[in-house]
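Trainee: Could you go through a model with me? I'd like to take it a piece at a time.

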Amino acid sequence: MVVDQIQETPSDVRLVRSETLARLHWLAIFGQLITVLVIALYFKYAFAVEACLIIIGVSILLNLFLYLPQGRWLSETTATEVFVFDAVQFFALVYLTGGISNPFSMMGLAPVMVAASILSARNSLIVATVAILATTLVMWFHHPLPWKADSPLLLPPLYVFGLWVSFAISVLFVGFFTWRIAQDGRQLSQALAATELVLSREQHLSQLDGLAAAAAHELSTPLGTIALIAKELSKSAAEGSEAESDLKMLREQVERCRGILQKMTSFKIHGGDFFELVTMRQILAEIVQSRDARTIAINISAVGDGPEPFRHRNPGLTYALSNLIDNAIDFAQETV
């Protein structure tokens, strides 16, 4: 069934386009570079400009690695590693520019939010944990905040601790909220995909129904002609001869073809509702009853724990089992 196919599809497998991450990285790199240059050249604050540019350069190299292979898809593990690098790279810049007292430190939420919208809960938590640990480190260990040399800005320790608590809570809340919204979107997408498969299957069955009706109409005339000719030839065949036996078998096969065509154009099977729930044993019994079991014994047995499951009648399943049983009868010596 279509629903079974959807459920069997691993829903936790996520692939990320490398170009998508690369475009996001270009925005972040451009913002970091502009901020560093404005603080260094316009405000003329003293800080480790060269070290900041080196860190941004490493991010550019990674971005070229992501962007140059066009159309490449990253696994969730690789995407997680990229987001962890983003968090570490950003807080390395924060370490060089005043630590958590840097007003741009709240931008550390960006890798967590993007990761939560793409990755699974487990990998999103990994990125969030790295961001919180990095924030904790730069809260205690960092270079001075770029400011005027004659009047350095010193924030109270309690206020700095409040910034850390605010960031940690924001990471957890925003990360979980983003992941929950993205998860709902993924579930809706899967539901729409399942609906499209069901509609496609129904359309296919409708087309098969029309094809079966056309085939039954087209084949009824030649089958009638074959049956008539076989009947006339059997009158002139010697009684008990091989020709009479062959003609009798030919007429039986013609009637069997008529029966198959009648089933293909009707929703009624043996007087029952086509959509009724039946067991697999009942389906097999109906198929076996329509077969000639005079020379080959056909036994049906069901083995397993629990009650026998029910399912709707399915023409494809019925004809597939019919072919298997026919092949078994043809090659069996005594019993199927």
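Trainee: Let's start with one side chain: is lysine 248 buried, partly exposed or exposed?

Mentor: Lysine 248 is partly exposed, with a relative accessible area of 48%, where buried means under 20% relative accessible area, exposed means over 50% and partly exposed lies in between, using a 1.4 Å probe and protein chains only. Before we go on, keep in mind that this is a predicted model, in which local features need pLDDT of at least 70 and side-chain atom pairs count only at pLDDT 80 or more, while totals for chains, interfaces and linings use all residues. Residues are numbered from 1 along each chain as its sequence is written, and side-chain values use heavy atoms, with hydrogens and water left out.

Trainee: OK, and where does lysine 248 lie?

Mentor: Lysine 248 belongs to helix 8, residues 242–264; helices here are DSSP runs of H or I with at least four residues, strands are runs of E with at least two, and the numbering goes from the N terminus.

Trainee: Zooming out, how many helices and strands does the protein chain have?

Mentor: The protein chain comes to 10 helices and 6 strands. Of its 336 residues, 31% count as buried, and its accessible surface is about 21700 Å², with 66% of that belonging to carbon and sulfur atoms; these areas come from the Shrake-Rupley method with a 1.4 Å probe, and for residues only the protein chains shown count as cover.

Trainee: And what share of the contacts comes from residues 24 or more positions apart?

Mentor: Such pairs account for 79% of the contacts in the protein chain that have a separation of 6 or more, a contact being heavy atoms within 4.5 Å. For a local case, asparagine 123 in helix 6, residues 121–140, is in contact with Glu76 and Thr80 once its neighbours within four places in sequence are left aside. Asparagine 123 is buried, at 10% relative accessible area.

Trainee: Switching to charges, how many salt bridges are there?

Mentor: The count comes to 5 salt bridges, each being a side-chain nitrogen of Lys or Arg within 4 Å of a carboxyl oxygen of Asp or Glu. Arg17, Glu19 and Arg23 are linked in a network of them: glutamate 19 meets arginine 17 at 2.9 Å, N to O, and glutamate 19 also pairs with arginine 23, whose closest N and O atoms are 3.6 Å apart.

Trainee: How are arginine 23 and glutamate 19 placed in helix 2?

Mentor: They are 4 residues apart in helix 2, so about one helical turn separates them. Glutamate 19 is buried at 7% relative accessibility, whereas arginine 17 is partly exposed at 34% and arginine 23 is partly exposed at 45%.

Trainee: Which residue does aspartate 184 form a salt bridge with?

Mentor: Aspartate 184 pairs with arginine 180, the closest N and O atoms being 3.0 Å apart, and because the two are 4 residues apart in helix 7, they are separated by about one helical turn.

Trainee: What about rings, how many aromatic pairs turn up?

Mentor: A search of the whole structure finds 8 aromatic pairs. One of them is phenylalanine 173 with phenylalanine 177, which is stacked, at 6.2 Å centre to centre with 15° between the planes. The rule takes rings of Phe, Tyr and Trp (its six-membered ring) with centres within 6.5 Å, and calls planes under 30 degrees apart stacked, over 60 edge-to-face and the rest tilted.

Trainee: Why are phenylalanine 173 and phenylalanine 177 about one helical turn apart?

Mentor: Because they are 4 residues apart in helix 7, residues 157–236. Phenylalanine 173 is exposed, at 58% relative accessibility.

Trainee: And which residues are linked into a cluster by ring pairs?

Mentor: Ring pairs join Tyr42, Phe43, Tyr45 and Trp147 into a cluster.

Trainee: Last one: how many disulfides does the structure hold?

Mentor: The structure holds 0 disulfides, the criterion being a pair of cysteine sulfur atoms within 2.5 Å. As for individual cysteines, cysteine 52 is buried at 0% relative accessible area, while cysteine 257 is partly exposed at 35%.
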